[in-house]
Amino acid sequence: MATPEVIREAVRSFDLAVDSVRELNQALHRDLDGGRVVVRNPGGGHAVAVGLDAPFEVEIEGHVGYYCAGMNKLATVRVRGNCGVGVAENMMSGVVVVEGSASQSAGASARGGLLVIHGDASARCGISLKGADIVVRGSIGHMGAFMAQKGALVVCGDAGESLGDSLYEARLYVRGSVAGLGADCVEKEMRREHAEQVRELLARAEVDDVDASEFRRYGSARRLYNFHVDNLGSY
Amino acid sequence: MAAVSNGWHPGLRESATFDRGAIAEIQRAAREGMYDIRGFGAKRPVPHFDDLLFLGASVSRYPLEGYRERCGTDVLIGARHAREPVKLDIPITIAGMSFGALSGPAKEALGRGATEVGTSTTTGDGGMTAEEREHSRELVYQLLPSRYGMNPDDLRRADAIEVVVGQGAKPGGGGMLLGQKISDRVAEMRDLPIGIDQRSACRHPDWTGPDDLEIKIEELREITDWRIPIYVKVGASRTYYDVALAVKAGADAIVLDGMQGGTAATQDVFIEHVGIPILAAIPQAVESLVELGMHREVQLIVSGGIRSGADVAKALALGADAVSIGTAALIALGDNAPEHDAEYRAIGSAAGYYDDYQAGRDPAGISTQEPDLAARLDPVEGGRRLANYLRTMTLEAQTLARACGKSHLHNLEPEDLVALTIEAAAMARVPLAGTTWIPGLVASP
């Protein structure tokens, strides 16, 4: 017999071994009330749960391909597996949680909301970031936060080469080693408000085994904000 | 020998290689240590539609009566996959130009003019403004590498999506909106601080190459429930291959921009030395589409130097489904107008020469974010001028089509054309006038 909680909260289920991604997305676009949705057998499919615009709680039981939760608004999408390229690209709001690892361009140009990756993220994590926050429990590859404009990238592990290349106003926090900083990216003082921001993001990401005081902060030196020929060697 | 009053005398000989323009540019570069950034498109002479002529009807073909016998101009774009393709009354669309590069009133005027004659306009780098959505019946929303202002709500409000891979003025290049044009509103739309140079990336942040593009298009279709068409815009360079790959990736329409296509701010060296003329690109695109069995299934929209109904008719005769105008539309609004000549001269230019769109000091109030300058353009009057111009071009194209005996602009064909020069004959793949010779093609036995 169902518990009272289950009766109150109906769960819709999709099996992508049977249902198409299009059927899933169109159903999620039709219902603007949100609710709990379970997606089974994603099979590495692309564009799973994209363009959501309501407070859904989507649980994806397995690995997904490109652009999972792309342009997400309001919804919480949890992937119990790994993600292909561009998870949560251009996210506007909501939360996307990847329990495994993510391929390149995770959170590309995301403007709001929170992306949490419990494993590692590949190259260009947070590329062109425009206001969202990203927390990576593991490490990230090269060119992390390339041309990132706003928002924060918190990396609990290490960062690859050319971190923060051509960075604008996004804040980068790395706990481990940084293989190299990109053009115009410099280490900056970790003040109290920064530690507080890291602590708050780790709490929202439900990462509770990492100490916010162990992070170092990186940001833009703002030397390349306006073109000047004296900076030619940096371009 | 005595010099005449303007300083020139017959003994002076200008170098063809180091002409006055080349000398001035060397001197400027030596003085400033910086390449020249400007707007407008390529200014060098290249083979163009002027090098083609129509063969009017005579004994072997019969014409249609002007003003009496109908010559259709409508076009349907994007029916390959979309439930709601774009239906246009005329095959002349307004190209993507950003709010930021252009003022708010200029964007509104473009929407008003296009809507009045039943065609589409296009957003640009920087997102969709409320003004242009409100005043554009058909609005194409660009997905650009910078993703400035990209918003799924706007995506769902659009009538079509245009994935911009490149543009004719700078195939392979990104963009730059210089700090002087970054007003509070532009900065907010682009999520960047006020007053800094805004670089627009040359590659998309989340896809690279044709296989990724196919998946990106799939995502955009899923987000918009397969309702609206998805165009892919490329700058003309390796056109045969680019078109084939875009079609394979699932594009509903190809937007092909030749090297004469305009820009708001690009290095002069890029504008003048990268890409190929639209005349050379159209036949490559058509060949690609025909080989894939997709000609007229995937629509071809061409741009880059379209000025008149003759250019429209010739582009369509070569196999395009529609054309797009940018620079010409701005001129119709009032860009480079003689009444601003004194002010153009005050900032080192002149009416007919002005190309400093990057500087934001446009006396016509078009390529600026200065409120006082922008207020000079009345969007209602600008829209009316644009509509007049679009109607004129359409009438001109119909006139030429009727002369060739065609009851629809899309019935024009390469067989209606000849070339005035060997170069144009080779590029456009039509015979040199008075001959059967198409250079580069093996003559049939």
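Contact here means heavy atoms within 4.5 Å. This is a predicted model, in which local features need pLDDT of at least 70 and side-chain atom pairs count only at pLDDT 80 or more, while totals for chains, interfaces and linings use all residues. Residues are numbered from 1 along each chain as its sequence is written, and side-chain values use heavy atoms, with hydrogens and water left out.

Select the interface first. Chain B brings 39 residues to the contact and chain A brings 36 residues. About 3300 Å² is buried between the two chains, 53% of it from carbon and sulfur atoms; buried area is the accessible area (1.4 Å probe) that two parts lose on being put together, summed over both.

Zoom in on B:Asp191 and A:Arg111. They form a salt bridge, with the closest N and O atoms 2.8 Å apart; the term requires a side-chain nitrogen of Lys or Arg within 4 Å of a carboxyl oxygen of Asp or Glu. Between chain B and chain A there are six salt bridges.

Now turn to the sheet of chain A. Its 11 strands form an open sheet with mixed pairing, in the order S1-S2-S3-S4-S5-S6-S7-S8-S9-S11-S10; strands are DSSP runs of E of at least two residues, and helices are runs of H or I of at least four. Two strands pair if DSSP finds at least two bridges between them. Select S1 (11–15) and S10 (185–188) of chain A to see the edge strands. Finally, display A:Leu115, which stands opposite A:Ile134 in S7(A).

Key
Chains lettered and ligands numbered in written order.
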